[in-house]
Amino acid sequence: MSASARTRVLISGASIAGPALAHWLGRYGFEVTVVELAPALRGGGQNVDFRGPTHLTVLERMGVLEELRTLDTGGSPITFVDQDGRRLLHLPADFAGGELEIPRGELARLLYRHSESRAEYVFGDSVEALEQTPSGVRVAFRHGAPREFDLVIGADGLHSTVRRLAFGPEQRYVRHLGYYAATWQLPNDGGLPTDGTALNVPGRLMSVGADHRDPTRAGAFCLFASPELRYDRHDPGQQKALVRQAFAGLGRWVPDLLRSLDAAPELYFDSISRADVPSWSTGRIALLGDAACGATIGGMGTGTAVVAAYVLAGELALADGDHRAAFARYEELLRGYARGCQKGGDRTGPFLAPRTRAGLRLRNGLLNRRWVLDRMLALGKQVSSVELPDYRALLSAVG
């Protein structure tokens with residue numbers, strides 16, 4: 001029996017990174033448990049995209065690429081207008097959506113389906129305490145009985161509980177970048193622009209677009225400049241109030257979108273921030289995805305998380321029980337790559353909602369030139385590329 005088959009791994013988080021890692025670890029024979037605070041898989045959220053050969057190669061090796069192509073939105077073009085409806089800028093679908101754009105909820109469901117037969121999923125619970133021992137990690141849960149695992153992986157996002165418990169307070173690692181973003185779903189009753197139109201004024205953007213798969217639904221996305229706010233991340237009422245306050249006074253379709261918040265089944269609301277952790281592991285505990293190197297929007301976080309899950313699982317299988325060597329190699333291979341991707345997140349807020357009229361004019365003047373867009377697309381593909389290890393021989397050995 002290989003060391004992998006005897007290794008019990010707890011993954012905290014069942015969004016994207018967690019199920020992607022569970023998929024690979026399960027294929028290598030690890031005994032995997034995934035714990036998720038939400039009572040079920042979370043739907044909704046902004047569309048996510050994959051760019052360049054690195055992302056697509058990992059998806060192909062996972063065996064999900066062709067299925068994902070059936071969910072491809074084709075990209076989401078955006079037309080920016082001012083309060084008088086004058087067109088300021090148009091970004092084509094390939095700029096916004098990369099080679100493959102998927103609704104975040106659909107991607108989460110697909111990764112769950114591809115991993116659930118190889119992993120135990122526990123919803124409605126979360127990690128409360130971690131105690132490392134010479135032989136493992138004792139884990140206390142909010143609701144379930146304590147258990148012991150050989151390894152614990154924090155794939156629980158920018159506000160990671162595992163990172164807080166094992167590495168220290170969030171404020172050590174997460175830096176606010178000066179903006180907040182929100183997205184929610186609403187009925188498409190014909191009274192709203194649904195072609196990806198965004199009202200853009202200094203420091204604020206509010207967009208709405210039709211659901212590509214269900215024309216009776218639409219999605220709203222907003223972003224606004226703000227110093228760091230204090231609010232309860234688990235209270236949608238507080239978050240909706242902050243969105244209404246930020247966009248009060250804007251006209252056109254904005255009041256209708258704000259009214260739709262009352263009936264929104266789910267609201268995603270968070271700061272645009274980035275996480276920088278000096279070391280992605282401590283002992284038997286490691287971080288993955290946004291918990292280690294997050295950038296809320298624009299930092300290719302989904303693609304980075306899927307690539308990182310592939311590498312982390314492969315290195316753990318290759319190390320055959322030596323988690324220290326695996327964690328060190330995982331970070332060595334990916335830290336520079338992740339930092340390069342994160343830089344895009346640093347620029348997202350100022351790009352989508354420059355704080356001044358002069359900033360808006362400068363952005364619009366540059367990006368209304370197609371060659372500038374093409375150059376930015378090429379740079380995005382370059383940043384999202386890294387030389388991938390090939391672990392397929394390990395899978396063949398597992399059988």
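View 1. Asp390 is partly exposed, with 44% relative accessible area; buried means under 20%, exposed over 50%, and partly exposed in between (1.4 Å probe, protein chains only). This is a predicted model: local features need pLDDT of at least 70, side-chain atom pairs count only at pLDDT 80 or more, and totals for chains, interfaces and linings use all residues. Residues are numbered from 1 along each chain as its sequence is written, and side-chain values use heavy atoms, with hydrogens and water left out. Asp390 forms a salt bridge with Arg61, the closest N and O atoms being 4.0 Å apart. A salt bridge here is a side-chain nitrogen of Lys or Arg within 4 Å of a carboxyl oxygen of Asp or Glu. The pair links distant parts of the chain, 329 residues apart. Asp390 sits in the loop between α14 (370-383) and α15 (392-398), Arg61 in helix α3 (residues 52-62). Helices (H or I, at least four residues) are DSSP runs, numbered from the N terminus. Arg61, Asp390 and Arg392 are linked in a network of salt bridges. The structure holds 20 salt bridges.

View 2. Arg259 forms a salt bridge with Asp256; their closest N and O atoms are 2.4 Å apart. The two are three residues apart in the helix, so about one helical turn separates them. Arg259 counts as exposed, at 51% relative accessibility. Asp256 counts as partly exposed, at 36%.

**View 3. The Arg274 and Asp276 pair.** The side chains of Arg274 and Asp276 meet in a salt bridge (2.8 Å, N to O). Arg274 is buried, with a relative accessible area of 8%. Asp276 counts as partly exposed, at 31% relative accessibility.

View 4. Arg252 lies in the loop between α8 (236-247) and α9 (254-260). At 44% relative accessibility, Arg252 counts as partly exposed. Leaving aside neighbours within four places in sequence, Arg252 is in contact (heavy atoms within 4.5 Å) with Asp82, Gln83, Asp84, Gly85 and Leu199. Arg252 and Asp82 are 170 residues apart in sequence, yet their C-alpha atoms are 9.6 Å apart in space.

**View 5. The nonpolar cores.** In soluble globular proteins, nonpolar side chains tend to be buried together. A nonpolar core is a set of buried Ala, Val, Leu, Ile, Met, Phe, Trp, Tyr and Cys residues joined through side-chain atoms within 4.5 Å. The largest core has 78 residues, and Ile11, Leu59 and Leu288 have the most contacts inside it. Helix α11 (residues 301-319) gives the largest share of this core, 11 residues. A second, separate core has 27 residues, including Ala182, Phe247, Val254 and Leu258. Beyond four places in sequence, the contacts of Ile11 include Gly18, Leu21, Ala22 and Leu25, as well as Ile153 and Ala155.

**View 6. Helix α2, residues 17-28.** The helix has 12 residues and reaches 17 Å from its first C-alpha to its last. That is close to the expected 16 Å, at 1.5 Å a residue; the expected span is 1.5 Å times one less than the number of residues. Of the 12 residues, 11 are buried, so α2 is largely enclosed by the rest of the structure. Among the buried residues are Pro19, His23, Trp24 and Tyr28. Gly29 follows α2, with a positive phi near 95°.

View 7. Cys222 is buried, with a relative accessible area of 0%. Cys293 also counts as buried, at 13% relative accessibility. The structure holds zero disulfides (pairs of cysteine sulfur atoms within 2.5 Å).
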